Amino acid sequence: MEIIVCIKQVPDTTEVKIDPEKGTLIREGVPSIVNPFDEYAVEAALRIKEEKGGKVTVITMGPPQAVDALRKCVAMGADDAVLVSDRAFAGSDTWSTSYTLAKAIQALGAFDLILCGKQAIDGDTAQVGPGIAEHLKISQVTYVQKVLGVKEDAIEVERGIEGGYEVIETPLPAVLTIDKSANQPRLPSMMGTMKALKKEIKTLTARDINVKEGFYGMDGSPTRVKRTFTPPPRKGGRMLGGEMEEALRELVKILREEKIV
Amino acid sequence: MNFDYTPEQEAVKGMMEEFVEKEVIPFAAQWDKEEKFPWDTVKKMGELGIFGTALPEKYGGSGLDAICHAIVAEQLGRGCSSLRGVYSVAVSLVAKTILAFGTEEQKNKYLPGMAAGKLFGCFGLTEPNSGSDAASMTTTAVEDGDYYVLNGSKMWITNAGIADVALIFAKTDKNAGAKGITAFLVDRDTPGFSTKDIHDKMGLKASNTAEIILDNVRVPKTSMLGGIGKGFGIAMATLDNGRYTVAAGCVGSAQAALDYAKQYAKERIQFGKPIAAHQLVQQLIADMAVDIECGRLLVYKAGHVKNKGQRSTKEVCFAKYYCSEMVNRVAYKAVQVFGGYGFSAEYPVERIYRDARINTLYEGTSQIQQLIIGNFELGVSAFV
């Protein structure tokens with residue numbers, strides 16, 4: 001079983017800083033981590049490999065420093081890691097990112113399964129996983145919360161939906177996006193950490209993956225972020241003090257004035 | 001001179017930080033409260049190869065250097081001093097001693113299990129009436145054919161209740177003082193070997209501390225470590241390893257105390273502003289930060305000497321003496337920053353404060369460290 005896991009390096013903070021001019025994330029000076037949802041995807045891949053054999057390759061598109069995120073996944077147990085990196089990819093939106101990743105995955109050769117985290121914690125779009133499936137014209141199951149069984153040519157999973165779950169079987173190859181209830185990602189071991197440190201990580205550029213001109217980077221991106229902002233924090237509510245009866249009277253008055261009742 | 005971590009050291013630090021943040025810090029208060037030895041976490045440490053960090057690859061370890069060894073202890077100390085103690089004793093005091101003085105047969109018997117965290121050792125030197133004056137021990141080992149018969153008791157032995165093997169120091173010649181001491185590796189299942197857990201400690205409540213009772217324990221001569229009469233030298237050389245990770249653990253605990261104090265100082269409002277903005281609180285924080293950095297540099301300096309393969313007794317004594325006192329100063333100040341809340345187990349500085357206390361007592365009191373350092377400085381021994 002050839003398993004590809006797409007990961008993303010994200011800033012290790014809930015307070016993402018944004019370039020007000022370009023509307024893109026400022027990554028400099030912020031410690032980076034593997035997108036937490038992607039760790040569930042790596043864990044799911046490792047478990048399938050442990051059961052069925054095969055190979056787990058992690059892949060990311062990003063700047064050169066994204067190798068740190070790949071090394072973390074190798075430390076967890078991934079066999080191979082590939083960085084897709086080219087200045088020409090800068091400014092890619094989710095459409096061109098998923099196109100570029102799909103082309104890179106094709107360039108790597110045959111595969112059975114592609115796993116992604118359900119979304120990244122910085123952009124929160126949840127679009128790249130499904131986008132890869134569309135570009136590769138293979139089936140996809142999103143929000144996978146349990147892998148039920150893997151066969152030679154199909155996989156059965158549990159998919160979270162509003163108020164319940166569905167059980168879906170899909171032929172392989174397929175893309176799954178993994179939710180955090182799927183597993184508990186393992187921590188890197190000492191041996192894994194040392195192996196990851198020595199691991200040679202291949203870099204694929206635009207030329208290596210046969211991408212079409214005008215399909216990648218800022219130029220290949222059909223969407224533009226017009227404005228990104230941090231919503232203002234919620235202001236505290238009004239407290240009505242004093243005696244209970246008095247406070248209740250005041251409450252009813254306010255509710256009437258605001259035309260709530 | 002280079003103060004940067006190597007890529008290996010950086011990677012070990014990152015890996016250990018994540019382990020401690022996910023597997024240790026969230027549970028340490030509960031282990032302390034319940035006086036519970038954290039077996040599940042110790043097993044995970046084993047599975048992740050943490051015990052094998054600084055043991056050779058030949059025996060299943062990662063073969064990393066002395067600074068990586070210190071980083072592991074430092075990070076464990078940041079999360080839970082009890083857990084750091086488990087590591088120190090199992091690796092520094094026992095596994096590394098077998099590595100340095102054991103026969104190939106002994107190394108093959110014990111080290112792979114120790115590197116994998118499946119086999120644990122304890123270090124039996126101290127006795128009810130023999131502490132700083134180790135040579136005054138009364139445990140005896142009497143030759144009997146191909147065996148030695150051990151009798152006596154060992155006190156305050158970390159890990160004794162959970163260990164698979166005990167490194168026991170005993171007198172093979174009662175009249176030869178320090179030169180009459182021999183070391184033995186005694187397996188737990190040997191008839192006559194028993195342990196009794198010690199409770200009601202001020203700190204390190206999640207670690208196992210026990211008394212070892214040796215009642216006509218017959219061990220084969222092949223279990224002798226390093227030859228007859230070599231025990232005292234082995235014990236002293238071993239302490240160069242043990243004290244090193246104690247010092248590193250102190251740095252980690254102190255760092256945790258500082259980190260908690262900084263966070264609290266920014267949140268706690270008094271006189272209309274965070275107490276972090278009060279000058280006397282800043283003084284406490286600054287003193288803590290500098291004190292910790294001094295200790296950390298002493299530990300890494302000792303590690304540097306170890307990495308060169310040189311004897312590190314003096315540098316380790318410097319580090320152990322300084323760091324064990326430092327963590328007490330820092331924990332005191334951290335509690336001070338927390339005010340009344342620091343006196344409550346609701347906040348982790350209370351545990352750090354209690355756990356800090358042992359460090360100036362075990363593996364050589366501060367006074368013993370001073371005497372060793374004094375001897376190095378003056379060339380005059382205050383012992384004997």
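Guide: Two residues are said to be in contact if their C-beta atoms, placed from the backbone, lie within 7 Å. By that criterion, the contact between the chains takes 14 residues from chain B and nine residues from chain A. Please note that this is a predicted model.

Visitor: What is the make-up of the side of chain B that touches chain A, by residue class?

Guide: The residues on that side of chain B divide into seven nonpolar, four polar and three charged.

Visitor: Which residues meet where α5(A) touches α1(B)?

Guide: From α5(A) come A:Met190, A:Thr193, A:Met194 and A:Leu197, and they meet B:Pro7, B:Glu8, B:Ala11, B:Val12 and B:Met15 of α1(B). This helix contact has seven nonpolar, one polar and one charged residues.

Visitor: Why are α5(A) and α1(B) called oblique to each other?

Guide: Helix α5 (residues 190-198) of chain A and helix α1 (residues 7-24) of chain B pack at an angle of about 135°, with their axes 10 Å apart. Angles over 145 degrees count as roughly antiparallel, those under 35 as roughly parallel and those of 65 to 115 as roughly perpendicular, the rest being oblique. The pair α5(A) and α1(B) is therefore oblique. The crossing of α5(A) past α1(B) is right-handed.

Visitor: What makes α1(B) and α4(B) roughly parallel, by contrast?

Guide: α1(B) and helix α4 (residues 66-79) of chain B pack at an angle of about 20°, and their axes are 9 Å apart. The cut-off for roughly parallel is an angle under 35 degrees, so α1(B) and α4(B) are given that description. Residues that make the contact include B:Val12, B:Met16 and B:Val20 of α1(B) and B:Ile71, B:Val72 and B:Leu76 of α4(B). By class, the contact has nine nonpolar, three polar and four charged residues.

Visitor: Which residues of helix α4 of chain A are buried, and what covers them?

Guide: The term requires 20 or more other C-beta atoms within 10 Å. In α4(A), residues 128-136, the buried ones are A:Val128, A:Gly129, A:Gly131, A:Ile132, A:Ala133 and A:Leu136. Their cover includes β1, α3, β6, β7 and β10 of chain A. Just after α4(A), A:Lys137 takes a positive phi of about 55°. Of the 261 residues of chain A, 39% count as buried.

Visitor: How is chain B divided, and how many residues join domain 1 to domain 2?

Guide: Chain B comprises domain 1 (7-120), domain 2 (122-227) and domain 3 (233-378). Across the boundary, 23 residues of domain 1 of chain B are in contact with 19 residues of domain 2 of chain B. On the domain 1 side, the largest share, 10 residues, comes from α5(B). That side has 13 nonpolar, six polar and four charged residues.

Technical notes
Residues are numbered from 1 along each chain as its sequence is written. Chains are lettered from A and ligands numbered from 1 in the order in which they are written. This is a predicted model: local features need pLDDT of at least 70, side-chain atom pairs count only at pLDDT 80 or more; totals for chains, interfaces and linings use all residues. Domain bounds come from an automatic or database domain assignment. Helices (H or I, at least four residues) and strands (E, at least two) are DSSP runs, numbered from the N terminus. Ala, Val, Leu, Ile, Met, Phe, Trp, Tyr, Cys and Pro count as nonpolar, Asp, Glu, Lys and Arg as charged, and the others, Gly among them, as polar. A residue is buried if 20 or more other C-beta atoms lie within 10 Å of its own, exposed if 12 or fewer, and partly exposed in between; C-beta atoms are placed from the backbone. Axes are lines fitted to C-alpha atoms, for helices over the stretch in contact, and angles run from 0 to 180 degrees between N-to-C directions. A crossing is left-handed if the near helix is turned anticlockwise from the far one by less than a right angle, and right-handed if clockwise.
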